[in-house]
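Me: Let's walk through this one together. I'll ask, you answer.

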Amino acid sequence: MQPETFARPMTMAERADELEEQKMHELEHIITKSVLFNLADGKVEMEGGATLMAKNPGKYMLMGADPRLPQMPEKPTLVDYFRCRFASTSHLLQSATHALKAGHDEKVILACLLHDIGVVSFIRCDHGYWGAQMIGPYVDEEVSWAVKMHQALRFFPDESVGYLYPEMYVKLFGPDYKPDPYIVAEYNRARNHKWYMTSRLITLNDIYSFDPNAEVNLDDFVDIIGRNFKQPKEGLGLDSSPSAHMWRTMMWPTRFL
Ligand SMILES: [Fe+2]
Ligand SMILES: [Fe+2]
């Protein structure tokens, strides 16, 4: 018979938390989770500096690179972020390959290549806006505008170019899903804009049924990036552009401050 004090077995989530905690203790510095990371776990909480120091005697806060992540070069380029920080690049590469094969100009190809970087590097909610802001200082205004507006346009068909409401969205969001009013308003603003078609082409080349076997390669786009993305000489994120901090955050997501 089991004694009454027998502990229940740990759940998978508890075990994962414990391992994570152990791993953090093995590291030289104290690695912190920002509030946003906790919000994603359904918790509105944060651990303060004093608590963390008390839990980790003799250690200082991490104020640089997280040793658990792929090491970034001293002066990172957009390609380095693709390789070391973007969790998945196949969708971006498939969309850009589609645009390349369709013979679109380099601005459109670049816009397709970058349209979902918000999702693969940062956050899903409002990813078009995040992505546009990140690339804004480094690309032609038309490219960042198109990335921003694809957030809204993808919900609205345009039969003139053969774009229908994606079947995939019916599956993902249900048949009754309606975009929020701010998205509808954004669509109405974009509809008559001079760059409408650039953004529309993102949605048209967006690959909604991802092919896990498609052969795509970032190398095919390195020249297009070189010609159309203004790589700062200090390194992307280490420059003083209005969005450099966003790239730095991606480079050092667990820095204490
Ligand atoms: Fe998107
Ligand atoms: Fe997409």
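**Salt bridges and an iron site**

Me: Starting with Asp 41: how accessible is that residue?
Reply: Asp 41 has a relative accessible area of 47%, so the residue counts as partly exposed. Keep in mind that this is a predicted model.

Me: What does Asp 41 form a salt bridge with?
Reply: Lys 33 is the partner. Their closest N and O atoms sit 3.8 Å apart.

Me: And is Lys 33 buried or partly exposed?
Reply: Partly exposed, at 35% relative accessible area.

Me: How many salt bridges does the structure hold?
Reply: Eleven.

Me: OK, next one. Which residue pairs with Asp 158?
Reply: Arg 191 does, with the closest N and O atoms 4.0 Å apart. That pair ties together distant parts of the chain, 33 residues apart. Asp 158 is in the loop between helix H9 (141–153) and helix H10 (167–173). Arg 191 belongs to helix H11, residues 181–191.

Me: What about Arg 189, who's its partner?
Reply: Glu 186, at 2.7 Å between the closest N and O atoms. Both residues are in helix H11, three residues apart, or about one turn of the helix.

Me: Is Glu 186 buried or exposed?
Reply: Buried, because its relative accessible area is 7% and the cut-off is under 20%. Arg 189 counts as exposed, at 53%.

Me: Which residues are joined into one network?
Reply: Lys 107, Asp 140 and Glu 142, through salt bridges that share partners.

Me: Changing topic. What coordinates the iron ion, ligand 2?
Reply: His 91 and His 115 each give NE2.

Me: Which residue bridges the two iron ions, ligand 2 and ligand 1?
Reply: Asp 116. The two ions lie 3.7 Å apart.

Me: Where do His 91 and Asp 116 come from?
Reply: From distant parts of the chain, 25 residues apart. His 91 is in helix H5, residues 90–101. Asp 116 is in the loop between helix H6 (106–114) and helix H7 (117–121).

Me: Are His 91 and Asp 116 buried or exposed?
Reply: Both are buried.

Methods:
Residues numbered from 1 in each chain as written. Chains lettered and ligands numbered in written order. Predicted model: local features only at pLDDT ≥ 70, side-chain atom pairs only at ≥ 80, totals over all residues. Heavy atoms only, no water. Salt bridge = Lys/Arg side-chain N within 4 Å of Asp/Glu carboxyl O. Buried < 20%, exposed > 50% of the residue type's maximum accessible area, 1.4 Å probe, protein only. Helix = DSSP H or I, 4+ residues; strand = E, 2+ residues; numbered from the N terminus. Donors = N, O, S within 2.8 Å, 3.2 Å for Na, K, Ca; no water.
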